[in-house]
Amino acid sequence: FSGPADKGFFGGTLFMSLCMAWNFYVTILPHFLEHDNSQFGQRLRLACYALGLVGLFGMLRAAFMNPGIVPRQDLAEVLSQCPEECRDIGSGLPKSRFLVMNGIHVAQKFCSTCAIYRPPRSKHC
């Protein structure tokens, strides 16, 4: 979990998800398959149960997975490795570097807090 203040969010989300699944499996699915005892109806019922379990497993896995961290580097050490021509004139920090991803030029900006180049498509590191 992300901290002591967020413990109620997981329990609430799990409760609401289980309530919606119960509503679907107890009220909607039997009414939908009321007159269909064919093999297709049984397969559809099993597919709904399987998808529900996969969704619940995915939510639990995401809730308990450790996303990891990117360790901070020492800014002075990073700046000592960067020559003067690659630094920004105003701030003295390294300039943005450009990567080519799938034929598109993508700028990577330098974060002065963590002393790393931010990953593509991120707003903060």
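The model is predicted. The chain holds three helices and four strands. Its radius of gyration is 25 Å, whereas a compact globule of 125 residues would have one near 14 Å.

**Overall build**

- In sequence order, the elements follow the pattern α-α-α-β-β-β-β.
- The C-alpha trace spans about 75 × 40 × 20 Å along its principal axes.
- Of the contacts between residues at least 6 apart in sequence, 30% join residues at least 24 apart.

**Surface and charge**

- The accessible surface of the chain is about 10,100 Å². Carbon and sulfur atoms account for 64% of that surface.
- Buried residues make up 17% of the 125 residues.
- There are 12 positive and 8 negative side chains in the chain. The centres of these two sets lie 4 Å apart.

**The nonpolar core**

- In soluble globular proteins, nonpolar side chains tend to be buried together.
- Here the largest nonpolar core has five residues: V78, L79, L93, F110 and A115.
- One of its members, A115, sits in the loop between β3 (110-111) and β4 (116-117).
- A115 counts as buried because its relative accessibility is 3%, and the cut-off is under 20%.
- Beyond its neighbours up to four places away in sequence, A115 touches Q73, D74, L75, V78 and F110. Two of those residues, V78 and F110, also belong to the core.

- Most residues other than glycine have a negative phi.
- A115 is not a glycine, yet its phi is positive, at about 60 degrees.
- N102 is not a glycine either, and its phi is also positive, at about 55 degrees.
- N102 lies in the loop between β1 (97-101) and β2.

**Q108 in strand β2**

- Q108 belongs to strand β2, which covers residues 104-108.
- Q108 has a relative accessible area of 7%, so it falls under the 20% cut-off and is buried.
- Outside the four places on either side in sequence, Q108 is in contact with S96, R97, L99, Y117, R118, P119 and P120.
- Q108 and L29 are 79 residues apart in sequence. Their C-alpha atoms are 49 Å apart in space.

**Y25 in helix α1**

- Y25 is part of helix α1, which covers residues 7-32.
- Setting aside neighbours within four places in sequence, Y25 is in contact with P30, C48, Y49 and G52.

Methods. Residues numbered from 1 in each chain as written. Predicted model: local features only at pLDDT ≥ 70, side-chain atom pairs only at ≥ 80, totals over all residues. Heavy atoms only, no water. Core = buried A, V, L, I, M, F, W, Y, C linked by side-chain atoms within 4.5 Å. Buried < 20%, exposed > 50% of the residue type's maximum accessible area, 1.4 Å probe, protein only. Contact = heavy atoms within 4.5 Å. Helix = DSSP H or I, 4+ residues; strand = E, 2+ residues; numbered from the N terminus. Rg over C-alpha atoms; globule rule 2.2 N^0.38 Å. Areas by Shrake-Rupley, 256 points an atom, 1.4 Å probe, with all protein chains shown as cover. Lys, Arg positive; Asp, Glu negative; His and termini not counted. Charge placed at Lys NZ, Arg CZ, Asp CG, Glu CD.
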